[in-house]
Amino acid sequence: MGRLGELEPVPRKSTVEIVSDELRSAIMYGSLEPGAQLGEAELAGRLGISRGPLREAMQRLVQEGLLVSEPHRGLFVITLDEGDVEDVYLARLAIEREACQLIMERNRGEAVARLTDALDALVDAASQRDRVAMSDADQAFHEVLVSSSGSHRLERMAHTLLVETRMCLNALQDTYPEPSELVEEHRRLVDAIGDGEEERLLTLIEEHMTDSIDRLRVS
């Protein structure tokens, strides 16, 4: 890294990295739906690339667990059943519970400032009753929560669940809380951190995750 203020070359992504990002985004937002088969020729044409980088990108997503290879049939986007969604939220709970404990031990003030900004974005999305924007803001809030812990390892763990988390949010759209309720759930988390009430915070984060599981079960 150069001296402060110096211009440095911008890191370039390889074609494989760019294609991997495109495929992840398509899966995350449902453009490539759960269970969809990926045809090499069609995708290569849509993306304007040769099949070589596409194959390599798809293999990356197989390794990440977002695509599954079926012998003699090809590659398919994973599907998440009720058990999978519950497992994702339980994994998120383990990560975010630890993040909350670290936040309470470290710089609560910085965490509150960052989370307040994330909450404001959620409030804006909720005021428009835009489900996609609400899901984006909801996910961003929790990314900030984990990031505020100061643990890069927790961040990496949370990142591995990023696409599956969004797939879960898509699955929960029909049972998503009312905008005002969603905002209030997240506001209570910020308030608990600001008030220094760790026990209340841990209870709230657990309820937040288990309520999502319960909503899926009744959907």
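User: Which residues in helix 4 meet which residues in helix 7?
Analyst: On the helix 4 side they're Ile95, Glu98, Ala99 and Leu102, and they meet Leu154, Met157 and Ala158 in helix 7. Keep in mind that this is a predicted model. Sorted by class, that contact has six nonpolar residues, no polar ones and one charged one.

User: What makes helix 4 and helix 7 roughly antiparallel?
Analyst: Helix 4 (residues 82–105) and helix 7 (residues 152–160) pack at about 155°, with their axes 10 Å apart. Angles over 145 degrees count as roughly antiparallel, so that label applies to helix 4 and helix 7. Their crossing is left-handed, too.

User: Why is helix 6 said to be roughly parallel to helix 9?
Analyst: The packing angle is about 10°, with the axes 12 Å apart. Anything under 35 degrees counts as roughly parallel, so helix 6 and helix 9 get that name. From helix 6 the contact takes Met134, Asp138, Phe141, His142 and Leu145; from helix 9 it takes Pro179, Leu182, His186, Leu189, Val190 and Ile193. These divide into eight nonpolar, two polar and one charged.

User: What makes the largest cavity a cavity, and what volume has it?
Analyst: A cavity is a set of points where a 1.4 Å probe fits but cannot get out. The largest cavity has a volume of about 90 Å³, and the structure holds one cavity of 30 Å³ or more.

User: Which residues lie nearest the centre of the largest cavity?
Analyst: Tyr89, Asp138, Leu169, His208 and Ser212, out of 15 lining residues. Two or more residues come from each of helix 4, helix 6 (131–147), helix 8 (162–171), helix 9 (179–195) and helix 10 (198–218). Helix 10 gives the most, with four residues. By class, the lining has six nonpolar, five polar and four charged residues. Asp138 is in this lining, and Asp138 also belongs to the contact of helix 6 with helix 9.

User: What volume has the largest pocket, and what makes it a pocket?
Analyst: About 270 Å³. A pocket is an open set of points, whereas in a cavity the probe cannot get out.

User: Which residues line the largest pocket?
Analyst: Among them are Asp21, Arg24, Ser25, Met28, Glu64, Arg156, His159 and Glu164. Helix 1 (15–28), helix 7 and helix 8 each give two or more residues to the lining, and helix 1 gives the most, with four. The classes come out as four nonpolar, three polar and five charged.

User: How many helices and strands are there in the chain?
Analyst: 10 helices and three strands. From the N terminus the elements run α-β-α-α-β-β-α-α-α-α-α-α-α. The C-alpha trace spans about 55 × 55 × 30 Å along its principal axes.

Methods: Residues numbered from 1 in each chain as written. Predicted model: local features only at pLDDT ≥ 70, side-chain atom pairs only at ≥ 80, totals over all residues. Heavy atoms only, no water. Axes fitted to C-alpha atoms, helices over the stretch in contact; angles between N-to-C directions. Parallel < 35°, antiparallel > 145°, perpendicular 65-115°, else oblique. Left-handed = near helix turned anticlockwise from the far one by under 90°. Contact = heavy atoms within 4.5 Å. Nonpolar A, V, L, I, M, F, W, Y, C, P; charged D, E, K, R; others polar. 1 Å grid on protein atoms, 1.4 Å probe; cavity = no way out; pocket = protein on both sides within 12 Å on 5 of 7 lines; lining within 4 Å. Points joined across faces, edges and corners; volume = space filled by probe spheres on them.
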